[in-house]
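Have a look at the sequence and the model, then read on.

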Amino acid sequence: MIFKNIPLGKYNTFGLNYKAEFMIQIETEEEATDIFHKNNTLKKPLLILGGGSNILFTSDYRGTILYPQIGGMKVEKEEADNGYIIVSAGAGVNWDDFVAWSVNEGFGGIENLSLIPGKAGATPVQNIGAYGVEVKESILRVKTINISDGSVRIFRNDECAFGYRNSIFKNSEKGKYLVTRVYYKLSVKPLLNLSYESLKEEVNKLGETTLKNVRQAVINIRRSKLPDPEITGNAGSFFKNPVVKNSVAEVLQNEFPGMPVYRDTEGYSKLASGWLIDQCGWKGKRYGDAGVHEKQALVLVNYGKATGIEIYGLSEDIKKSVLDKFGIRLEREVEVVGVI
Ligand code: EPU
């Protein structure tokens with residue numbers, strides 16, 4: 001279905017009410033194929049929008065937004081003897097509904113990713129992660145449709161070039177494929193990941209170490225630290241955590257004792273952007289209705305009437321002060337779409 005001049009307020013978790021010139025809501029894979037067969041009739045540029053939980057609009061969108069609503073979560077194949085099961089979710093399935101369903105069924109692997117806003121279709125694009133787990137560990141394959149001609153292409157996990165909040169769909173293949181369905185390989189004898197210390201503590205408070213308690217503990221931690229986008233507009237972490245050479249991390253740690261440093265790939269360390277921003281004094285600061293969350297400095301919020309430009313401006317000032325104090329260049333995790 002094609003809509004014209006659609007207000008985007010309810011399509012992005014910052015709640016920014018810019019307009020899209022055209023929006024096509026895609027309900028089935030067949031519909032997607034039909035639409036892309038006639039690609040040359042679509043008003044360009046095209047933008048694929050999932051849950052809108054990782055996007056900052058800064059102006060009206062003059063082009064066509066593709067909004068996949070393909071539903072359905074199901075068991076594809078039981079390999080219980082081997083300890084796993086293959087399940088799939090349509091691109092438009094709410095991610096946390098899918099996690100809740102999996103946990104209820106006793107399937108493990110994505111419980112640490114509870115309550116992450118957004119749709120299943122965006123999970124491989126962004127390689128979502130939290131509390132020591134990334135979704136790439138559970139993704140088996142990703143079914144897509146080529147936007148230029150409507151042909152189907154399936155990407156195996158090893159073809160997705162997954163990285164930290166990154167994949168082929170954000171790089172060489174950006175904007176070329178619409179994800180229609182994602183297949184996950186989950187475990188029927190879950191090995192729970194409690195490597196994240198505060199998660200372990202929260203699970204212990206709840207009692208036994210079970211799949212359901214891990215999900216509940218993640219929900220409790222997220223609710224205590226992160227603003228609910230239904231109430232206060234936000235897009236989760238606004239910046240990525242920077243990865244630097246070990247030598248850079250060591251120098252900084254000597255100068256700033258107490259700075260959190262996590263081991264990354266061989267020779268590299270990951271720093272905590274939230275800590276860096278907090279140390280620059282930004283926590284709780286506001287520019288009108290654009291602000292830095294008071295409990296997690298990595299999260300920028302819209303207290304009501306902020307514009308995308310104001311939030312962008314705040315993020316630029318944050319970047320500048322972190323660069324001045326620590327010599328670290330923060331990179332946005334959120335995608336900025338529009339005129340700046
Ligand atoms: N910290 C501060 N002040 C702050 C925020 C954080 O000092 O205002 C410190 C914390 O005390 C901690 C460290 O910084 O020592 C890291 O903070 P936290 O554990 O809250 O996690 P994060 O690095 O800020 C990342 C992900 C989150 C994910 C959490 C939990 C990124 C960019 N963010 O945040 O993902 O939920 O870890 O695993 O990797 C998202 O991507 O949108 C997101 C919310």
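Which residues lie nearest the centre of the second largest pocket?

## The second largest pocket

They are Thr-13, Pro-117, Asp-228, Pro-229 and Glu-230, out of 30 residues that line this pocket. A pocket here is an open set of points on a 1 Å grid over the protein atoms alone, where a 1.4 Å probe fits, with protein on both sides within 12 Å along at least five of seven lines; lining residues have an atom within 4 Å of a point. The volume of the second largest pocket is about 780 Å³, counted as the space filled by probe spheres set on the points, with grid points joined across faces, edges and corners.

Helix 2 (95-105), helix 5 and strand 13 each give two or more residues to this lining. Strand 13 has the largest share, 3 residues. Helices (H or I, at least four residues) and strands (E, at least two) are DSSP runs numbered from the N terminus. Sorted by class, the lining has 10 nonpolar, 13 polar and 7 charged residues. Ala, Val, Leu, Ile, Met, Phe, Trp, Tyr, Cys and Pro count as nonpolar, Asp, Glu, Lys and Arg as charged, and the others, Gly among them, as polar.

## How the model is read

This is a predicted model: local features need pLDDT of at least 70, side-chain atom pairs count only at pLDDT 80 or more, and totals for chains, interfaces and linings use all residues. Residues are numbered from 1 along each chain as its sequence is written, and side-chain values use heavy atoms, leaving out hydrogens and water.

## Around the ligand

Now for the ligand: 24 residues surround it, and the closest are Tyr-131, Tyr-164, Tyr-196, Asp-278 and Ala-297. Helix 7 gives the largest share, 3 residues.

Most residues other than glycine have a negative phi, and most peptide bonds are trans. Lys-44 and Pro-45, though, are joined by a cis peptide bond, with omega about 0 degrees. Leu-115 has a positive phi, near 65 degrees, and sits in the loop between helix 2 and helix 3 (123-126).

Conventions:
Near = heavy atom within 4 Å.
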